[in-house]
Amino acid sequence: MPNRLAASTSPYLQQHRDNPVDWREWGEDAFAEARRRNVPVLLSVGYAACHWCHVMAHESFEDDYTANMMNESFVCVKVDREERPDVDAVYMEATQAMTGSGGWPMTCFLTPKGEPFFCGTYFPQIPFRRLLSSVTRAWEGDREKVLAGGADIVRQLHEHFGGPRTAGHAPSAELLDAGIEALGRTYDGRLGGFGSAPKFPPSSVLEFLLRAHARTGNTAALAMVERTCEAMARGGIYDQLGGGFARYSVDASWIVPHFEKMLYDNGLLLRDYLHLWRQTGSALAARVVRETAEFLLRDLRTAEGGFASALDADTIDDAGHGVEGLTYVWTPQQLVEVLGEDDGGWAARLFDVTADGTFEHGTSVLQLLIDPIDPERLASVRARLFAARAQRSQPSRDDKVVAAWNGLAVAALVEAGALFDEPAWVEAAVRAAELVRDRHLVDGRLRRASRDGVVGVPAGVLEDYGAVAAAWLAVHQVTGDLSWLTAAEGLLEVALTRFPDGSGGFYDTADDAEALVRRPQDVMDGATPSGSSLVCGALLTYAALTGSRRHREAAETAIAKVAPLFRENVRFAGEAAAVAEAMLAGPAEVAVVGRPDLVRLARLGTSPGAVVVTAGPLTEDRPDAAVYVCRHFACERPLTDAAEVRERLAVRLPA
């Protein structure tokens, strides 16, 4: 008998619809029931592609005895962190404060007011049962102490995280250069990336370093990008057969991935490799751009034209169990069975598939540590292995469309399509942008997610407004369609009026959003850019396209509040630093009037954050067919010679 999650639009919550746990979705009804029964709320937060979420579900949530313990003593609430990033953010702060770390599944015990009094992550079945018993005894035996503890935790969270950030200073070249030096101190010069295992793709940091190199010519900045991008592209974190990146590497060498593939990673990394190719002409970067773009269209595109959130880490085996990485790993014998003795042995050596294995149970994750001298043989081998892999059981797909993540993918894909002369990529990006505009925009406000074309209830958060506005501005630049400029303006107006914190920064939720125990505000850039950084980037781009001083000043003020992080902690403010690089560069405003032969050349320019348009305010009242390079709408003399355009825009590739 399905539980209350059966009506949910979230694929993650649907995964739990048949649990014996009496799950409820997040909402006032759940807390009203907790008050009525006078019991705590057990909050479990995860997402559809999460391996350890599946493990805990199988061990505990599918177990009748454990479920009865949960149902008898708690109101149980399931949250998809991808649909409700605000709920996730607030209770992740509490979890990290209590335990020193975080992750998913996240398990929190709350008072009927929503105040957390105990938090953790994954618990095996027996320890989880003991925890349930301990919390129940504490609640029944010393409730006042538990309630006081929850209130105190909320107070401490407000003191530590609450309140506006103090004003900073406008980011300077010196501050950003110091950030490059700081990154060098944590950079892994042998293996690429920053820090030790596990290693996550440092997407925003790579974009910052590329922009910093364009400004300064700093060879160390470029070297960090080139080594990291090559190591990831050749390692197991990258799908050597189908393209696309996994979420992170469990080891420092990028060999063994956590196999889930997230839309946001692939959108951001598509941007990074595209910009690396634009600066250096790297053939490896060009290959990754093509394969990642095709992965997005082949594996993540939905029937409605949007992009699905993720592919699962696990694959269901013949016994009905979820096995991490089952679709992707190989043994030498399996290679021979598909390719024959000769090509199978060659492929084993090329992809580093060994008898001992690099993963579990003697299997190996494919790597491509060197390019073979016979690319045609490689293409044949890859095609045959990919076809054979397609016959295996495949990981499930979380097919909800998240506004922000679609924004990241659209912005990268439409630019890649323009630079690689791939109209199908541009068309796919525009279609996804249309889906978000037509389905997610309700009464002028964004909704967070949709599925099967049906929009969900959760409101959009700051990152949705920033990423989608930036995407629509990118679509405008490539297509020349002014309606996208107008649509982006509407989103930015909501951001400027509904999300301000009163001191120049932004909250992550709107002023009329559901009230939580704390209004979330996180300016740090991690696996995804912060909402603040995304909105600032969109504000700056819009200002460059229209000349709006209001939008530029809003971006400058918000970035200034984060700028102190650049000196020592730019690793956690990479997107903000990339926006700051664009501010220092102007950014350049390039209007191409009546010269379609020079449009692509203008787009190949490497000036940080440059905008390139063929229609709109920048092109008005310019009678001569030429390229106009402007800054704050003050333009230099028109350029009509391709060589001059190449030199002025620092184009490093042939036209």
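This is a predicted model: local features need pLDDT of at least 70, side-chain atom pairs count only at pLDDT 80 or more; totals for chains, interfaces and linings use all residues.

Visitor: Why are α11 and α15 called roughly parallel?

Guide: Helix α11 covers residues 263–280 and helix α15 covers residues 403–419, and they pack at an angle of about 30° with their axes 8 Å apart. The axes are lines fitted to C-alpha atoms, for helices over the stretch in contact, and angles run from 0 to 180 degrees between N-to-C directions. Angles under 35 degrees count as roughly parallel, over 145 as roughly antiparallel, 65 to 115 as roughly perpendicular and the rest as oblique, and α11 and α15 are therefore roughly parallel to each other. The helices themselves are DSSP runs (H or I, at least four residues), as strands are (E, at least two), numbered from the N terminus.

Visitor: What makes up the contact of α11 with α15, by residue class?

Guide: Contact means heavy atoms within 4.5 Å; among the residues of α11 that meet α15 are L263, Y264 and W277, and the residues of α15 that they meet include W405, L408 and L419. The residues of this contact divide into 13 nonpolar, 3 polar and 3 charged, where Ala, Val, Leu, Ile, Met, Phe, Trp, Tyr, Cys and Pro count as nonpolar, Asp, Glu, Lys and Arg as charged, and the others, Gly among them, as polar.

Visitor: Why do α18 and α20 receive the word oblique?

Guide: Helix α18 (residues 482–498) and helix α20 (residues 549–562) pack at an angle of about 55°, with their axes 12 Å apart. That angle belongs to the rest that is left by the other classes, so α18 and α20 are oblique to each other. On the α18 side the contact is made by L492, E493, L496 and T497, and on the α20 side by R550, H551 and A554; by class it has 3 nonpolar, 2 polar and 2 charged residues.

Visitor: How do you know that S60 is buried?

Guide: Buried means under 20% relative accessible area, exposed over 50%, and partly exposed in between, with a 1.4 Å probe and protein chains only. S60 has 0% relative accessibility and therefore counts as buried. S60 lies in helix α3 (residues 51–61), and, not counting residues up to four places away in sequence, it touches T66, A67, F123, Q125 and F128.

Visitor: What makes P198 partly exposed?

Guide: The relative accessible area of P198 is 43%, so P198 is partly exposed. P198 lies in the loop between α8 (173–186) and α9 (203–216), and it touches Y248, S249 and V250 when residues up to four places away in sequence are not counted. P198 and S253 are 55 residues apart in sequence and 9.3 Å apart in space, C-alpha to C-alpha, and S253, with a relative accessible area of 30%, is therefore partly exposed.

Visitor: Which residues touch the most other members of the largest nonpolar core?

Guide: A nonpolar core is a set of buried Ala, Val, Leu, Ile, Met, Phe, Trp, Tyr and Cys residues joined through side-chain atoms within 4.5 Å. The largest has 175 residues, of which F208, L209, Y273 and F566 touch the most other members. The largest share of this core, 11 residues, comes from α15. Apart from it lies another core, of 25 residues, among them L43, V45, Y91 and V517.

Conventions: Residues are numbered from 1 along each chain as its sequence is written. Side-chain values use heavy atoms; hydrogens and water are left out.
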